[in-house]
Amino acid sequence: GIIIKSKNNQEGLYALSIIDDDVTDGMADKNARKLLHKATVTAAATDHRLKEIVRYDLNIVNGIIGVIKEQKITELILGLHVKNRISDSFLGKLTEGILNKSSTTTLIYKPFQPFNTLKRHLIVVPSMAEKELGFSVWLMKIWNIARNSGASITFFATVKTIAAIKKIQAEQLIECTFIELEDWNNFPMLSKEIGKNDNLVIIMSRRDQLSYQNAMSHIPNYLNTYFERNSFILIYPLQVGIQDPSKVDFNYPTLMEPIEKLGQLQRLYKKFFKNK
């Protein structure tokens, strides 16, 4: 399932289904619309409106990228079936296909149990995450989850990243705990910390970005081996792009816009918690 969020449309959210352009079976369209309608009904129960989109394309990636560009999508959510294991090839295709062609915030969610039954969220954050453009964006989402669910939050991060999160945390009333995690090769050790009603949230990164960790390539194996009976969310934050930072021309308009928006996001962040 795919849910995408646009900053332009009145509905706020789209439910998207991509159908292979070579498929001639009319059942494909019928099944796609049936699935989208089910998503719309489910969203309506939580006071959210979805606009349904069925798109024919040569492949799923091209279809998603096309809609992202056309609708100016700001967030992309990919849902995994509870019975499906996440594979290296899935993340590989995602990275090569979507993440390398779009800086849109992308989330992969596997719900092992209903979200409202979760008691705690364990947030695993890579080193240097606080220096990325999307840091404030994903952190605000985590705070919103805590406020709306009542579940507690535990951050696993480096000393410097924890300090950056604590600095922001001081401006609001969210209670959370912090545990140092300097080396992502020790990721499997988290299996000793996670409980039955815990949700694992992993902040990822596109390759060659500041916060990228080589151990991120092992995440599918870690999840399938140590966290198979837990819900999880992988978050690929908004990032400047896939270009080599040494070759970035900061006078280039399409790069200046997101850089300028960083200041706006920080001001919005402070205003959000001031109002709360």
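## The end of helix H4

Helix H4 is followed by Gly 150, and the phi of Gly 150 is positive, near 80°. Helices here are DSSP runs of H or I with at least four residues, strands are E runs of at least two, and both are numbered from the N terminus. The model is predicted, so local features need pLDDT of at least 70 and side-chain atom pairs count only at pLDDT 80 or more, while totals for chains, interfaces and linings use all residues. Residues are numbered from 1 along each chain as its sequence is written, and side-chain values use heavy atoms, with hydrogens and water left out.

## Along H4

H4 has 15 residues. From its first C-alpha to its last, H4 reaches 21 Å. That is close to the expected 21 Å at 1.5 Å a residue. The expected span is 1.5 Å times one less than the number of residues.

Which residues of H4 are buried? They are Phe 135, Ser 136, Trp 138, Leu 139, Met 140, Ile 142, Trp 143 and Ala 146. Buried means under 20% relative accessible area, exposed means over 50%, and partly exposed lies in between (1.4 Å probe, protein chains only).

## Ile 142

Ile 142 lies in helix H4. Its relative accessibility is 2%, so Ile 142 counts as buried.

What does Ile 142 contact, leaving aside its neighbours within four places in sequence? The partners are Ile 123, Ile 153, Phe 155 and Val 201. Contact means heavy atoms within 4.5 Å. Val 201 is 59 residues from Ile 142 along the chain, yet their C-alpha atoms are separated by 9.1 Å.

## H4 against H5

Two packed helices are described by the angle between their axes and the distance between the axes. H4 covers residues 135-149, and H5 covers residues 159-169. Their axes come within 12 Å and cross at roughly 60°. Each axis is a line fitted to C-alpha atoms, for helices over the stretch in contact, and angles run from 0 to 180 degrees between N-to-C directions. H4 and H5 are therefore oblique to each other. Angles under 35 degrees count as roughly parallel, over 145 as roughly antiparallel, 65 to 115 as roughly perpendicular, and the rest as oblique.

H4 passes H5 in a right-handed crossing. A crossing is right-handed if the near helix is turned clockwise from the far one by less than a right angle, and left-handed if anticlockwise. On the H4 side, Phe 135, Leu 139 and Trp 143 take part. They meet Ile 165, Ile 168 and Gln 169 in H5. By class, this contact has 5 nonpolar residues, 1 polar and no charged ones. Ala, Val, Leu, Ile, Met, Phe, Trp, Tyr, Cys and Pro count as nonpolar, Asp, Glu, Lys and Arg as charged, and the others, Gly among them, as polar.

## Three loop residues

Met 128 sits in the loop between strand S6 (120-124) and H4. Met 128 is not a glycine, but its phi is positive, about 75°. Met 128 is partly exposed, with a relative accessible area of 30%.

Asp 208 is in the loop between strand S9 (198-203) and helix H6 (219-226). Its phi is also positive, near 75°, in a residue other than glycine. Is Asp 208 buried or exposed? Asp 208 is exposed, at 63% relative accessible area. Asn 186 lies in the loop between strand S8 (176-180) and S9. Asn 186 is partly exposed, at 39%.

## The whole protein

The protein has 7 helices and 10 strands. Of its 276 residues, 45% are buried.
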